[in-house]
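Colleague: Walk me through this one, please. Start wherever you like.

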Amino acid sequence: MAISRGHRFPVEFAEAFPQGLVLVGEVAPDDEYQSREDRAAGRPVRQRMDELTGKRQWKATVTDPDERNAERASFEITFLAEVQAVPTTAEVLPIELDSMTAEPRVAGNGEYKYQSFLFRATGFRAAGAAASNRRASESSAKAA
């Protein structure tokens with residue numbers, strides 16, 4: 001049995017990013033390439049759709065504070081959702097990803113290739129939001 005190319009492995013956020021991630025900038029549509037001829041003809045820009053789920057793709061830049069190599073610390077995350085995820089503040093925001101998958105990739109050029117991953121998620125929340133919600137529900141259950 002072989003694992004097919006493009007297989008997505010489910011991965012827990014805390015395992016992949018023990019120190020969390022920081023959202024830098026905005027979440028934006030992941031648009032298909034548009035040639036000069038398409039732009040000149042006034043054809044509309046089309047947003048990419050995920051082949052597996054059929055959902056719209058959105059991109060955001062994140063930074064991993066645990067990464068030692070500065071060139072690899074910031075990278076793009078692909079979100080798969082019908083609607084655009086919007087951060088609650090315009091500031092740099094520590095986040096946690098929901099329903100995350102990792103797809104192995106080879107990155108780099110020439111003899112400087114290395115193992116990387118293409119991460120996808122269905123959404124995000126502020127770091128610690130799930131833990132604080134869990135603690136609040138546990139304390140209310142104890143009070144009852």
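Modeller: Phe13, Phe17, Phe75, Phe117 and Phe119 are joined into a cluster by ring pairs. Rings of Phe, Tyr and Trp (its six-membered ring) pair if their centres lie within 6.5 Å; planes under 30 degrees apart count as stacked, over 60 as edge-to-face and the rest as tilted. Mind that this is a predicted model: local features need pLDDT of at least 70, side-chain atom pairs count only at pLDDT 80 or more, and totals for chains, interfaces and linings use all residues. Residues are numbered from 1 along each chain as its sequence is written, and side-chain values use heavy atoms, with hydrogens and water left out.

Colleague: How many aromatic pairs does that rule give?

Modeller: The count is 6. In one of them, Phe17 and Phe75 have ring centres 6.0 Å apart and planes at 20 degrees, so they are stacked.

Colleague: Where do Phe17 and Phe75 lie?

Modeller: Phe17 is in the loop between helix H1 (13-16) and E2, and Phe75 is in strand E4, so the pair ties together parts 58 residues apart in sequence. Helices (H or I, at least four residues) and strands (E, at least two) are DSSP runs, numbered from the N terminus.

Colleague: And Phe75 with Phe119: how are their planes set?

Modeller: At 40 degrees, with the centres 6.2 Å apart, so that pair is tilted. Phe75 lies in strand E4 and Phe119 in strand E7, so parts 44 residues apart in sequence are tied together.

Colleague: Is Phe17 buried or exposed?

Modeller: Phe17 is buried, at a relative accessible area of 3%. Phe119 also counts as buried, at 12% relative accessibility. Buried means under 20% relative accessible area, exposed over 50%, partly exposed in between (1.4 Å probe, protein chains only).

Colleague: Switching to the sheet. What's the strand order?

Modeller: There are 8 strands in an open sheet, ordered E1-E6-E7-E4-E3-E2-E5-E8, with mixed pairing. Strand E1 (9-10) and strand E8 (123-126) are at the edges with a single partner strand each, so one side of each has no neighbour in the sheet. Two strands pair if DSSP finds at least two bridges between them.

Colleague: In which sense do E6 and E7 pair?

Modeller: Antiparallel, over 7 bridges, with strand E6 covering residues 101-107. Ala107 has Tyr114 of E7 as its bridge partner. Val106 stands opposite Gln115 in E7. The hairpin of E6 and E7 has 6 residues between the strands, and Gly108 there takes a positive phi near 100 degrees.

Colleague: What about E4 with E7?

Modeller: Parallel, over 2 bridges. Phe79 has Ala121 in E7 as its bridge partner. Strands E2 (residues 21-29) and E3 (residues 57-63) are antiparallel over 5 bridges. There, Leu23 has Val62 as its bridge partner in E3.

Colleague: How many residues are in the largest nonpolar core?

Modeller: It has 19 residues, and those with the most contacts inside it are Leu21, Leu23, Phe79, Ile95, Leu97 and Phe124. E2, E3, strand E4 (74-80), strand E5 (93-98) and strand E7 (114-121) each give two or more residues to this core. A nonpolar core is a set of buried Ala, Val, Leu, Ile, Met, Phe, Trp, Tyr and Cys residues joined through side-chain atoms within 4.5 Å.

Colleague: What is Leu97 in contact with?

Modeller: Leave aside neighbours within four places in sequence, and the list is Phe13, Leu21, Ile77, Phe79, Ala121, Gly123, Phe124 and Arg125. Contact means heavy atoms within 4.5 Å.

Colleague: Now charges. How many salt bridges?

Modeller: The whole structure has 9. A salt bridge is a side-chain nitrogen of Lys or Arg within 4 Å of a carboxyl oxygen of Asp or Glu. One of them joins Arg8 and Asp50, with closest N and O atoms 2.6 Å apart. Arg8 is in the segment before E1 and Asp50 in the loop between helix H2 (36-40) and E3, so parts 42 residues apart in sequence are tied together. Arg8 and Asp50 are both buried.

Colleague: What does Arg48 form a salt bridge with?

Modeller: Asp30, at 3.2 Å between the closest N and O atoms. Arg48 is partly exposed, at 35% relative accessibility. Asp30 is buried, at 7%.

Colleague: Which residues are linked in a network?

Modeller: Salt bridges link Glu96, Asp98 and Arg125 in a network.
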